[in-house]
Amino acid sequence: MMWLSWRQFRIQALFAACVLAVIAAYMVYVGADIRDAYDVYRANCESSANCAQARSQFRGTFQNTLLFLATGLAFIPALIGTFWGAPLIARELENGTHRLVWNQSVTRPRWLISKVLLIGLAAVIVTGAASALLTWAARPFDQVVKEQFDTFVFGARNIAPIGYAAMAFTFGTVVGLLLRRTLPAMAVTLIVFLAFQFFFPNVVRPSLMPPDKATLPMTAQAINQAQNLGSLGGGSVIGGVKIPDAPDAWIAETSPLRTAVGKTLSGAKFNTCLDNPPKTGAGGTFGDTAVCLAKHDLHVDVLYHPNSRYWAFQWLETGVYLALSGILTAFGLWRIRRRVS
């Protein structure tokens, strides 16, 4: 059975090996380039002022490239689920070729588990290798920028992509088993898995461990260190704040700007400071706006996870995806034994 599965899969395996070889060559090139730039960054980082400028230049040089690579890696599990998982059983059921195997000595569960183990292992190896290559290439950049909890960065480094690949493949297989049509199964797999990949880091991941809580006073200096003020939906909000005692922490949730008595700053006062602040000649990212807001004695309440929890989150998230993959496989075995004819 394994031999037959390999014969059916060998073209996809060869294509994946070629793609992985191209990825490896490019990652080696990018990794060497990053390491050369990192040596220049360290040489220029002689004082705090020079270090900040060198860090900004180093980050700007490679940030877009690494973001593009992380986005590309995020699509690998989705494509595996779509092109390897969804057609795996759906094509057999659609063409009726499954009956030939079932009339031999091979049982339905053995037929399914052989296919899932062989191709699922290939999916994990391909995705894990691509993740390891990107993790290696980006290591000096990650050490300097320290944004490992960023949604795209977290999902493209270390072991988490292995869990994504396993779940994407088994999900596609089960969808094909249920729909029995290849093209609809591929479409459903791609759409649902990408939606789940958006849902999980934004809703589930912050709750995998209980967050710590902190109240941060929003002085003019603290506001100038934030990344943005306001939002498309309106409201007195600030984004990208930093915790002084844990600057590398992952801020999972930030409250609106609140006054000393705990009430949310009114939209009128916020917009006045944002659009027409009194002129003070202050510098910084937000200048006069930061000074205007600071006069209201504001603070924000944040929920955060220290940087030391990074690997705990990696293992937890990978474990959740692998557990879901196992549940999907068990459901597929039950379904093919009892409901598929």
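**View 1. Helix α7 spans residues 182-204 of a predicted model.** The helix has 23 residues. From first C-alpha to last, α7 reaches 30 Å, close to the 33 Å expected at 1.5 Å a residue. The expected span is 1.5 Å times one less than the number of residues in the helix. Helices (H or I, at least four residues) and strands (E, at least two) are DSSP runs, numbered from the N terminus. The buried residues of α7 are Thr182, Ala185, Met186, Thr189, Phe193, Gln197, Phe200 and Pro201. Buried means under 20% relative accessible area, exposed over 50%, and partly exposed in between (1.4 Å probe, protein chains only).

Residues are numbered from 1 along each chain as its sequence is written. In this predicted model, local features need pLDDT of at least 70 and side-chain atom pairs count only at pLDDT 80 or more, while totals for chains, interfaces and linings use all residues; side-chain values use heavy atoms, with hydrogens and water left out.

**View 2. Arginine 180 sits in the loop between α6 and α7.** Its phi is near 65°. That is a positive value in a residue other than glycine. Arginine 180 is partly exposed, with a relative accessible area of 29%.

**View 3. The largest pocket holds about 960 Å³ of space.** Of its 30 lining residues, Gln227, Gly240, Lys242, Ala249 and Ile251 are the closest to the centre. Two or more lining residues come from each of α2 (48-95), α7 and β4 (250-254). Strand β4 gives the most, with five residues. By class, the lining has 12 nonpolar, nine polar and nine charged residues. Ala, Val, Leu, Ile, Met, Phe, Trp, Tyr, Cys and Pro count as nonpolar; Asp, Glu, Lys and Arg as charged; the others, Gly among them, as polar.

Pockets and cavities are found on a 1 Å grid over the protein atoms alone. A pocket is an open set of points with protein on both sides within 12 Å along at least five of seven lines. A cavity is a set of points where a 1.4 Å probe fits but cannot get out. Lining residues have an atom within 4 Å of a point. Grid points are joined across faces, edges and corners, and a volume is the space filled by probe spheres set on the points.

**View 4. The second largest cavity holds about 70 Å³ of space.** The count comes to two cavities of 30 Å³ or more. The lining of the second largest cavity consists of Ile89, Leu112, Val116, Thr170, Thr173, Val174, Leu177, Leu328, Thr329 and Gly332. Helix α6 gives the most, with four. Six lining residues are nonpolar, four are polar and none is charged.

**View 5. Helix α11 has 29 residues.** It reaches 42 Å from its first C-alpha to its last, close to the 42 Å expected at 1.5 Å a residue. Its buried residues are Tyr310, Phe313, Gln314, Glu317, Thr318, Tyr321, Ser325, Leu328, Thr329, Gly332, Leu333 and Ile336. Leu328, Thr329 and Gly332 also line the second largest cavity.

**View 6. Three strands form an open sheet in the order β1-β5-β4.** The pairing is antiparallel. Strands β1 (212-217) and β4 stand at the edges, each with a single partner strand, so one side of each is left without a neighbour in the sheet. Neighbouring strands are turned by 40° against each other on average, direction ignored. For such angles, axes are lines fitted to C-alpha atoms, for helices over the stretch in contact, and values run from 0 to 180 degrees between N-to-C directions. Two strands pair if DSSP finds at least two bridges between them.

**View 7. Strand β5 (residues 299-305) pairs with both β4 and β1.** Four bridges join β5 to β4. Six bridges join β5 to β1. Histidine 305 is the bridge partner of tryptophan 250, and valine 302 that of threonine 254. Valine 300 is the bridge partner of leucine 216. Five of the seven residues of β5 are buried, so this strand is largely enclosed by the rest of the structure.

**View 8. Aspartate 297 lies in the loop between α10 (288-294) and β5.** Its phi is near 55°. This too is a positive value in a residue other than glycine.
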